[in-house]
2 protein chains.
Amino acid sequence: MATVGERGLIEHIRRRLPPPPPALVVGIGDDAAVAMVDRGTLQVLTTDALVEGVHFDRRFSRPPDIGYKALAVNVSDIAAMGAAPRFALLSLMLAPTLALDDVDGLLDGLLEVAAGSGVTLVGGNITRSPGPLVVDVTVVGSVKPRRILKRSGGRPGDSLYVSGSIGAAAAGLGWLRQHGQLGSEVPDDPDLAGCVERHRRPQPRARLGALLGRTRAASACMDLSDGLADAVRQVGEASGVGARIAASALPIHPGAARWFVRQGQDAVQASLSGGDDYELLFALPNRSRGRLRLVERQARGLRLTRVGELTRERHFILERDGGTEPLPAGFVHF
Amino acid sequence: MATVGERGLIEHIRRRLPPPPPALVVGIGDDAAVAMVDRGTLQVLTTDALVEGVHFDRRFSRPPDIGYKALAVNVSDIAAMGAAPRFALLSLMLAPTLALDDVDGLLDGLLEVAAGSGVTLVGGNITRSPGPLVVDVTVVGSVKPRRILKRSGGRPGDSLYVSGSIGAAAAGLGWLRQHGQLGSEVPDDPDLAGCVERHRRPQPRARLGALLGRTRAASACMDLSDGLADAVRQVGEASGVGARIAASALPIHPGAARWFVRQGQDAVQASLSGGDDYELLFALPNRSRGRLRLVERQARGLRLTRVGELTRERHFILERDGGTEPLPAGFVHF
């Protein structure tokens, strides 16, 4: 990196960006980014880091996967609020051994998500690091006041829905831990290969989040960064209610189901606890069933599955084979 | 940290925050923060990091100093745009060995800057790190469109002004590198002690930036994160002009002047090149002299010094002792 320098690298990144939208008043190259959010209102964005040395694991993911995921997980958070992601800030802490190709790879992945979710990269910060790599992203979005989806809006009797399928990212990571090195084989089972892809490149549900916000169909919403069981508990606790989840209804990814069974794990428990799926969990009042059909029609084939309901009793229960057990805890990063 | 966990730590931080302003619609504890910037307009803010291991140097600064500086440098960037800082996001990557006291210390420093500059901490992210500590902060501010201060607005003939004094942070760091360990002595020279304080706790010029934006006195502005010489070059290059700086006019901090001479360094060169002062450089058209007096009256005693002017010739020149030499380059972090 010494041959390029921070300024050179920023200029290099700037040249690779698509043309900015008219709403971007000041972009990369000033002290902060300035964006017009609404007539007469501007937003200024900036990011910075105090770092001397950092480190990052690249055993299972190439730089484009890392850049992709760094933005995708933020877009997922914005979507879970019912908002539209607008602007992103990228804070990079670069190891001296990192090749410019790797930085380009990071940016490839990040810009792929940006293009797919209407996000403009408006600035950021680059710091040298004596250790390995950190990618820290900030996204700013916008939403009309009445369309916000909080975690706390759920009421007893609301149905709980989850998008897509669960357990895939955890199964993919499990496979990688047993077999994976970059460049080595991918799973023969195409479903399991899909799980590896989900771990590396989760699809943020930006369109679904915006639809749920715009139609005001959902009473509460959250993304599955730490797994479905965790999200159910978080929404329940924030809303002051409990929940019952039906094991038989869970949309467990087929590759994940086979992987967990092969490992001697309980596929239901593992899928509920596994993190990193980045699907959306939302609560749906009965009066919103018509709106849900509207959302489903516009969700471009994304499956929405009813997995249970919120309850007045503040317990979190998993119904299975005619009996009940406590809902497992979520995935713990910390 | 294992006894507290990420959730516990977030809750711990939340309890320590002052009551949020009415404009904060959704604060800490949801997927993203939501703020009302203007009637009918909301901003959603979020941050996240993909990190596995990180590391931070704590030889010369205690956790409160690190937290202070992490926010101060961002507030300085917002001020340099003529904007008012509003909301901050804190992305922490915590080493397993870090004590909760250290996290509290970080937060003490950060909240001190927040309180002094009207910033609300609205969210963030905490990641475990197998290595040391990273503090990454994002600030979002607001500004009316016509009040933005870019780097690119300077014109030939505009005077160049700098706030406060220069060289202090570089001299303070120099002293610390020779003498400093936490808990050891401070410099006997109170001016040099001020330099150490400037390195640890630079004062962001939030009030001056907002005044320059509101009065529209300045044609261009930038903060001195990488030193005055660098800022002059950046403003000049962005504006398509050159600059002449008068060595005799430079407001070199008295402690820094003595320190550099004691080290056998050229105090003018060292003060121009030294980073981390976080003063503001701004360009002032002749027609704005009356507005400058208005700004000076409201700047609460902050000294504003004319150090040179922008020129049509695209060279960056230092005038000294009747001769000229090239303006030195800036401080290079990277």
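1. At roughly what angle do the axes of helix α4 and helix α5 of chain B cross? In this predicted model, the axes of α4 (residues 168–179) and α5 (residues 190–200) of chain B cross at roughly 100° and come within 7 Å. Because angles of 65 to 115 degrees count as roughly perpendicular, α4(B) is described as roughly perpendicular to α5(B).

2. The residues that make this helix contact include B:Leu173, B:Trp175 and B:Leu176 on the α4(B) side, and among those of α5(B) are B:Leu192, B:Cys195, B:Val196 and B:Arg198. Sorted by class, the contact of α4(B) with α5(B) comprises nine nonpolar, three polar and one charged residues.

3. Chain B also holds an open sheet of seven strands with mixed pairing, in the order β9-β11-β8-β12-β10-β13-β14. β9 (220–223) and β14 (323–326) of chain B stand at the edges and have a single partner strand each, so one side of each is left without a neighbour in the sheet. From one strand to the next, the twist averages 25°.

4. For chain A, the domain assignment gives domain 1 (5–143) and domain 2 (149–326), and their contact takes 21 residues from domain 1 and 22 residues from domain 2. On the domain 1 side that touches domain 2, α2 (63–79) and β5 (84–94) of chain A each supply at least two residues, with the largest share, nine residues, coming from α2(A). The residues of that domain 1 side divide into 12 nonpolar, four polar and five charged.

Key: Residues numbered from 1 in each chain as written. Chains lettered and ligands numbered in written order. Predicted model: local features only at pLDDT ≥ 70, side-chain atom pairs only at ≥ 80, totals over all residues. Pairing = 2+ DSSP bridges. Helix = DSSP H or I, 4+ residues; strand = E, 2+ residues; numbered from the N terminus. Axes fitted to C-alpha atoms, helices over the stretch in contact; angles between N-to-C directions. Parallel < 35°, antiparallel > 145°, perpendicular 65-115°, else oblique. Contact = placed C-beta atoms within 7 Å. Nonpolar A, V, L, I, M, F, W, Y, C, P; charged D, E, K, R; others polar. Domains from an automatic or database assignment.
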